[in-house]
Amino acid sequence: MKVTFEQSDALIIVDVQNDFCPGGKLALDEGDEVVPIINAMTAQAQEAGIPVFVSRDWHPCHHVSFDERGGPWPEHCVQDTKGAEFHPDLSVPDGARLISKGARFDIDQYSAFDKTGLVSELVHLDVKRVWVVGLALEVCVRATALDAVKNDYETILVEDGTRFIDRADADKTRQELKEAGVTVK
Ligand SMILES: [Zn+2]
């Protein structure tokens, strides 16, 4: 996919971590397939000189989102474990801004915007438009893209750089994103 970055753009890469890739604790069948696609976008972003944000799910052990606590998910992305590390082939450039989320004891945070201070950093950098990719499409990527439009950012989701946990949610998710004003490419 041809990406044309403009000076007021930012790239947001959501949760490309081992636990969401094959062999991980909450694995998406093809989660790792986004890595080369995202790496190519990151290289272009670097070339264009636009900021790159990289989020990670970063849970304390026994997090409230885990099924052992009545949450919806199996244990995943526990802080400082192999599963919480970025996929080993993901390119995280020097100067990339890291967003850790889901680190609070009392709540989960699907969106990279949710109480992370991301908007203030985008304002500081004079960003007007964001490109969103990563894992998983119907959970944290969806929430991030919806929050981006809520905060008045022109938002482009590059579907090639994302994967669903369950493809049965594909049409519903795409429609919801488009209706909210997200451009899905
Ligand atoms: Zn999580």
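**Exercise 1. Work out how the lining of the largest pocket divides by residue class.**

Solution. The lining holds 4 nonpolar, 1 polar and 5 charged residues. Here Ala, Val, Leu, Ile, Met, Phe, Trp, Tyr, Cys and Pro are nonpolar, Asp, Glu, Lys and Arg charged, and the others, Gly among them, polar. Next, names: Leu28, Asp29, Glu30, Leu137, Glu159, Thr162, Arg163, Phe164, Ile165 and Arg167. Strand β5 (residues 154-163) gives the most, 3 residues. On a 1 Å grid over the protein atoms alone, a pocket is an open set of points where a 1.4 Å probe fits, with protein on both sides within 12 Å along at least five of seven lines; lining residues have an atom within 4 Å of a point.

The model is predicted: local features need pLDDT of at least 70, side-chain atom pairs 80 or more, while totals for chains, interfaces and linings use all residues. Numbering starts from 1 along each chain as its sequence is written, and side-chain values use heavy atoms, without hydrogens or water.

**Exercise 2. Trace the strand order of the open sheet.**

Solution. The 6 strands run β3-β2-β1-β4-β5-β6, with parallel pairing. The edges are β3 (97-101) and β6 (183-184), each pairing on one side only. Strands are DSSP runs (E, at least two residues), numbered from the N terminus; pairing takes at least two DSSP bridges. Now go inside: β4 (residues 129-135) and β5 share 6 bridges. Val130 has Thr155 in β5 as its bridge partner.

**Exercise 3. Find the protein donors of the zinc ion.**

Solution. They are Asp57 (OD), His59 (NE2) and His76 (NE2), 1.9 to 2.1 Å from the ion. Donors are N, O and S atoms within 2.8 Å of the metal (3.2 Å for Na, K and Ca); water is not among the atoms, so sites may look incomplete. Their spacing reads D-x1-H-x16-H. Asp57 sits in strand β2 (residues 52-57) and His76 in the loop between β2 and β3, 19 residues apart.

Technical notes. Helices (H or I, at least four residues) and strands (E, at least two) are DSSP runs, numbered from the N terminus.
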